[in-house]
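Open the structure in your viewer and keep the selection tool at hand. The stops below say what to select next and what is there.

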Amino acid sequence: MADAPTDTRISSDAWQLRGLTRSLPGRLRLEVDVLSFVDDDGDLLFRAPLSEVRQVVFPWYYFGGGCKCSINGVRYRLSFVRPNGAEDALDRMAARVGEAGAVYAQVAGKFVDIGTGRAAGKAWRAALSPTSRR
């Protein structure tokens, strides 16, 4: 008998980590047993039934703020904490304006990012755990 779909719905900002220095910002979603990632340009990176998501691990060196998984034989590395090299609206604005306080805001924002990303990682670990798939 097939597992009944869960009503788990979770969505958070995430970055697909590419190589050592590149990342792709987007939104990771789990809705009615379907996991998807849409980048900031609206392009769909992947969409797969949860039953096809394999090898989900939350490595210790991501400090609870990221995971790795395989979908259709493709390995993805995802971070819920904005990577240091990733741009966001504050970074782009500060580069244009040259605001001195932007450095402080960026450092303070990083601490908020870490807390938010670790909380998202905890929620994703619970949602993607094998026991939640039953």
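Buried means under 20% relative accessible area, exposed means over 50%, and partly exposed is in between, taken with a 1.4 Å probe and protein chains only. This is a predicted model, in which local features need pLDDT of at least 70 and side-chain atom pairs count only at pLDDT 80 or more, while totals for chains, interfaces and linings use all residues. Residues are numbered from 1 along each chain as its sequence is written, and side-chain values use heavy atoms, with hydrogens and water left out.

**The sheet**

Begin with the strands, which are DSSP runs of E with at least two residues, numbered from the N terminus. Two strands pair if DSSP finds at least two bridges between them.

**Strands S1 and S2**

Select residues 9-18 for strand S1 and residues 22-31 for strand S2: ten bridges pair them in the antiparallel sense. Within this pair, Ser 11 faces Arg 29 of S2 as its opposite residue.

Next, show the side chains of Asp 13 and Arg 27, which meet in a salt bridge of 2.8 Å, N to O. A salt bridge is a side-chain nitrogen of Lys or Arg within 4 Å of a carboxyl oxygen of Asp or Glu. The structure holds one such bridge. Its two ends are in distant parts of the chain, 14 residues apart, with Asp 13 in strand S1 and Arg 27 in strand S2. Asp 13 is partly exposed at 44% relative accessible area, and Arg 27 also counts as partly exposed, at 26%.

Stay in strand S1 and select Gln 16. Is Gln 16 buried or exposed? Its relative accessible area is 8%, so Gln 16 is buried. Its side chain has a polar contact of 2.7 Å with that of Arg 18. A polar contact is a pair of N or O atoms within 3.5 Å; within protein, one must be able to donate a hydrogen and the other to accept it, and residues adjacent in sequence count only if both atoms are side-chain atoms. Contact in general means heavy atoms within 4.5 Å. Leaving aside neighbours within four places in sequence, the residues in contact with Gln 16 include Phe 37, Leu 45 and Tyr 76.

Move on to Val 32, in the loop between S2 and S3. Val 32 is partly exposed, with 41% relative accessible area. Its phi is positive, about 45°, although Val 32 is not a glycine. Most residues other than glycine have a negative phi.

Now select residues 34-39, which are strand S3; five bridges join S3 to S4, and the two run antiparallel. Val 38 is placed opposite Leu 44 in S4. S3 and S4 form a hairpin with four residues between them, and in the turn Gly 42 has a positive phi of about 90°.

Go to Gln 55 in strand S5. Gln 55 is exposed, with a relative accessible area of 55%, and has a positive phi of about 50° although it is not a glycine.

S5 and S6 run antiparallel and are joined by three bridges, with Val 57 opposite Lys 68 in S6. Select residues 66-71 to see strand S6: six of the six residues are buried, so S6 is largely enclosed by the rest of the structure. Gly 66, Lys 68 and Ser 70 point one way, whereas Cys 67, Cys 69 and Ile 71 point the other way.

Finish with residues 74-79, strand S7, which six bridges join to S6 in the antiparallel sense. Ile 71 is found opposite Val 74 in S7. What do S6 and S7 form? They form a hairpin with two residues between them, where Asn 72 in the turn has a positive phi of about 50°.
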